[in-house]
Amino acid sequence: MPKVWAAVLLVVSLLPQPAWAITLEQVPNPRRQYGGWVSDTANILSSSTENELNRLITQLEQRTSAEMAVVTVPNTQGYATPKDFTTQLFNYWGIGKAGQNNGVLFLISVGDRRVEIETGRGLVAILPDSRVQQIIDQQILPRFRNGDFDGGTLAGVRQLTSVLQGQPVANVPAVAQGIDSSLVEGILLLLGIIILGLGWQRSRMPVSLRAERGGRQVLSLTRRDLRTGAVLSSVQSDPIRLFLYSGSLCLGVFLGLSSGNWLGFALPVVAAMATDGTLSRKRGIPFQPVVCQACGRPMRPIQPQLLDKYLPQEHRLARSRGRARYYGWFCPTCQGIAVVVREGTLSRHLYCPRCQALTLDLTTQVLREATYSSSGLKLEILSCPICGYRSEREVVIPELSDTDTDSDFGGDSGGDSDFGGGSSGGGGAGGSW
């Protein structure tokens, strides 16, 4: 048995793991993007959760003037610690009102398995670090350890907004004691097998794609196609991922409890993540077979190096810039091609509204520098080199204040912000799950 575990560990360690760093400038500013408060860069929150978070924080800002941003990132590589990244992002955006410093940044780093809550200096009295730690330990981390990012984030934000509005922090009810551990292990094992079986059954259901000669129609895997109204998207693979990860989690908890070793918990989950990531990169539609919509026959995948000749110019440009991955299938019976695109998380806001390709370029020109006595002005230009689309807008740069240099990390609140211009000196707390 030790040899079997050693072999499994070796295989998992050799599987390709995603590793890329994100900078402050690459995190989309939600106030600028859509006037909200949530930037889900790691794509772990549902749309309903984002809507509820935006509602809660908008209500908080209207009642108390405090500002809160919720940010998820894949990792914080390139920075000393997740805390370092959080403080710098807080000051880069300038969360909170200038002079009041009443901002909060709730950051989740998935790769680091770390949550950080940064608070402005003006909130020390009402939201001390000890209270922030209490919210993290009681409301957030227990849910994150069960893979419930939606529930943990919502619970944390609800408690933070309650405290900032003068309401008490709720305690998490204690877990019932005296439950037979063997019964729990048996239930987890049975549940994991059933869930994985359902996922396997669903993964055999084929995805139908429309094959066209020349393959000029490109269908998005992650957003609604404006020309056809169709959406392939996560409707196909997300239910299977839900089965895969929840079943693996049940088996992981079972192995962890039965062996008394955290490694037993990690192995099934790591194996599921590696399988999902590898198939996603290679096939686009990770699990299900692809068949022709016209004849119902299986379609053959097209090698990536041969796909360029089937792509329109705008999509070749998007692919060469690394903004999206393209996948193609060929129907031997109909002699047609089907092409789908999976855009990168950080590039989804660069779709051209005219040609519907990931070809927008964003350039910024400072028209007037901000000073301590007057605000500045900069010009943002969005342009598409393919269809010639161009859009310009002027953005006000807040005037400089003494609080801009009142940070341990020297963050510049006016650098990229539609927040109120607040700052933080590193207050708050964090925790790992």
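**Ground rules.** I number residues from 1 along each chain as its sequence is written, and side-chain values use heavy atoms, without hydrogens or water. Because the model is predicted, local features need pLDDT of at least 70 and side-chain atom pairs count only at pLDDT 80 or more, whereas totals for chains, interfaces and linings use all residues.

**Cysteines.** I looked for disulfides (pairs of cysteine sulfur atoms within 2.5 Å) and found zero in the structure. Cys334 is in none, and the nearest cysteine sulfur, that of Cys295, is 3.7 Å away. I noted that Cys334 is partly exposed at 27% relative accessible area, where buried means under 20%, exposed over 50% and partly exposed in between (1.4 Å probe, protein chains only). For Cys352, the closest cysteine sulfur belongs to Cys387 at 3.5 Å, which is too far for a bond, and Cys352 is buried, with 0% relative accessibility.

**Thr81.** I placed Thr81 in the loop between strand E2 (67-73) and helix H4 (82-93); helices (H or I, at least four residues) and strands (E, at least two) are DSSP runs numbered from the N terminus. Thr81 is partly exposed, at 37%, and its C-alpha atom is 9.4 Å from that of Asp112, which is 31 residues away along the chain.

**Helix pair.** I checked how H3 (residues 47-64) and H6 (residues 149-164) pack, and found an angle of about 10° with axes 10 Å apart; axes are lines fitted to C-alpha atoms, for helices over the stretch in contact, and angles run from 0 to 180 degrees between N-to-C directions.
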